[in-house]
Amino acid sequence: MRTSEKIVVTIAVAYAVLHLSVLFQLVPHTIVWGGKIASIQTIYVLEIVALVTMLFLAMVILMKNRIIKPIFTAKAIKGILFVFAVFFILNTLGNLLAETKIEKVQALITLYLAFVLFKTSKHIAPL
């Protein structure tokens, strides 16, 4: 596995921990989602979706590198990683428009993820 892919998995797991921390109210929900979500029920839904998404991303990278058994074809993994790259480009724009400084700083992380995932989606060997 390339170093950049190891970093992506590490970031995905770190974000999963952050989302778990918000779910269990160890971290205030005001630092995520642009600080604009007031309803705790909405926070729960968004955090669960974000948690599953980050874990799915990590699993796809691990499948690509055959660390866990792939359940998708190489073409599907390529497409999934490309979709994630586009998602993180859009997320970068959202982070730049957020009101909290924490989210603005995360724009650098999401831009890195977009770049690496785009590049990674282009280099997939047949499974």
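Predicted model: local features only at pLDDT ≥ 70, side-chain atom pairs only at ≥ 80, totals over all residues.
Figure 1. The crossing of α2 and α3 is left-handed. Their axes lie 10 Å apart and form an angle of about 140 degrees, which makes α2 oblique to α3. From α2, the residues that take part are Thr53, Met54, Phe56, Leu57, Val60, Ile61, Met63 and Lys64, and from α3 they are Ile77, Ile80, Leu81, Phe84 and Phe88. By class, the residues of this contact comprise 11 nonpolar, 1 polar and 1 charged.

**Figure 2. Packing of helix α3 against helix α4.** Helix α3 spans residues 74-97 and helix α4 spans residues 101-121. Their axes come within 8 Å and cross at roughly 160 degrees, so α3 is roughly antiparallel to α4. The crossing is left-handed. On the α3 side, the contact includes Lys78, Leu81, Phe82, Phe84, Ala85, Phe88, Ile89, Asn91, Thr92, Asn95 and Leu96. On the α4 side, these residues meet Glu103, Lys104, Gln106, Ala107, Thr110, Leu111, Leu113, Ala114, Leu117, Phe118, Thr120 and Ser121. The contact of α3 with α4 contains 13 nonpolar, 7 polar and 3 charged residues. Leu81, Phe84 and Phe88 of α3 are among the residues that meet α4, and they also belong to the contact with α2.

**Figure 3. The salt bridge between Glu5 and Lys64.** Side chains of opposite charge can pair when their charged atoms come close. A search of the whole structure finds 1 salt bridge. In this pair, the side chains of Glu5 and Lys64 meet with an N to O distance of 2.8 Å. Glu5 belongs to helix α1 (residues 3-23) and Lys64 to helix α2 (residues 40-64), so the pair ties together parts that are 59 residues apart in sequence. Both Glu5 and Lys64 are buried. Lys64 is also one of the α2 residues in the contact with α3.

**Figure 4. Gln25 in the loop between α1 and α2.** Gln25 has a phi near 55 degrees, a positive value in a residue other than glycine. The relative accessibility of Gln25 is 51%, so this residue counts as exposed.

**Figure 5. Arg66 in the loop between α2 and α3.** Arg66 is not a glycine, yet its phi is positive, at about 60 degrees. With a relative accessible area of 44%, Arg66 is partly exposed.

Conventions. Residues numbered from 1 in each chain as written. Heavy atoms only, no water. Axes fitted to C-alpha atoms, helices over the stretch in contact; angles between N-to-C directions. Helix = DSSP H or I, 4+ residues; strand = E, 2+ residues; numbered from the N terminus. Parallel < 35°, antiparallel > 145°, perpendicular 65-115°, else oblique. Left-handed = near helix turned anticlockwise from the far one by under 90°. Contact = heavy atoms within 4.5 Å. Nonpolar A, V, L, I, M, F, W, Y, C, P; charged D, E, K, R; others polar. Salt bridge = Lys/Arg side-chain N within 4 Å of Asp/Glu carboxyl O. Buried < 20%, exposed > 50% of the residue type's maximum accessible area, 1.4 Å probe, protein only.
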